[in-house]
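Here are a few notes to read alongside the structure. Take them one at a time, and keep the 3D view open as you go.

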Amino acid sequence: MTALSLTINGRAIGPIEVRDDLSMNDFLREVLGMTGTKFGCGAAQCLSCAVIVDEDGASSTRPTCIAPAVDFNGLTIRTVEGHAAGGALTPLQVSFIEHFAFQCGYCTPGFLNEGQVFLERLARDPIPRAELERTITEALDGHLCRCSGYVKYHEAVRAVVLADAGRYLT
Ligand code: FES
Ligand code: FES
């Protein structure tokens, strides 16, 4: 057993005693009741279970299905539940809806987290318009959608960038 402490969506969690073999996905869903993070393949292949990890001034996504919860000890993470502040959807969430980017929605938390990390990266380090399509494709690569919503997700992310081009593009 390990005493697990971390920050989730700005809230300090723990210390909570957890089994060392408890996955981060089960910790979120079963221990904390945060079911926004999904469990898909269970083999680090689909990224439907990915959360955002904030560290060293940058952010990245990390799957939770095969990762022990104790590996997240001391980290600061964000889940899909943390995007909308005060009930107001983020521009990316609105764009997902406007573009009908999801069908069953099972992959959506992973795409949302990845898209948010992508937008924050562009805000720090804008790119030329000519590189946008390739960069979005690369950013979303690895996320699987069994409803085949790839084009819609791509278009939704692109729309957010183009709606605030002065922020995201050089
Ligand atoms: S459920 Fe974790 S990568 Fe598929
Ligand atoms: S919307 Fe169903 S898996 Fe992506």
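1. Let's start with the overall layout. The protein chain is assigned two domains: domain 1 covers 2–79, and domain 2 covers 91–168. Please keep in mind that this is a predicted model.

2. Next, see how the domains sit relative to one another. Taken over C-alpha atoms, the centres of domain 1 and domain 2 are 22 Å apart. Where they touch, domain 1 contributes 14 residues and domain 2 contributes 12 residues.

3. Which strands each supply at least two residues of the side of domain 1 that touches domain 2? They are strand 3 (51–55) and strand 4 (58–62). Strand 4 gives the largest share of that side, with 3 residues. Sorted by class, the side of domain 1 that touches domain 2 holds 6 nonpolar, 7 polar and 1 charged residues.

4. Now turn to a pair of helices. Helix 4 (residues 132–140) and helix 5 (residues 150–163) have axes that come within 10 Å and cross at roughly 125°.

5. From helix 4 look for Leu132, Ile136, Thr137 and Leu140, and from helix 5 for Tyr153, His154, Val157, Arg158 and Val161. By class, the residues of the contact of helix 4 with helix 5 are 6 nonpolar, 2 polar and 1 charged.

Conventions. Residues are numbered from 1 along each chain as its sequence is written. Chains are lettered from A and ligands numbered from 1 in the order in which they are written. This is a predicted model: local features need pLDDT of at least 70, side-chain atom pairs count only at pLDDT 80 or more; totals for chains, interfaces and linings use all residues. Domain bounds come from an automatic or database domain assignment. Two residues are in contact if their C-beta atoms, placed from the backbone, lie within 7 Å. Helices (H or I, at least four residues) and strands (E, at least two) are DSSP runs, numbered from the N terminus. Ala, Val, Leu, Ile, Met, Phe, Trp, Tyr, Cys and Pro count as nonpolar, Asp, Glu, Lys and Arg as charged, and the others, Gly among them, as polar. Axes are lines fitted to C-alpha atoms, for helices over the stretch in contact, and angles run from 0 to 180 degrees between N-to-C directions.
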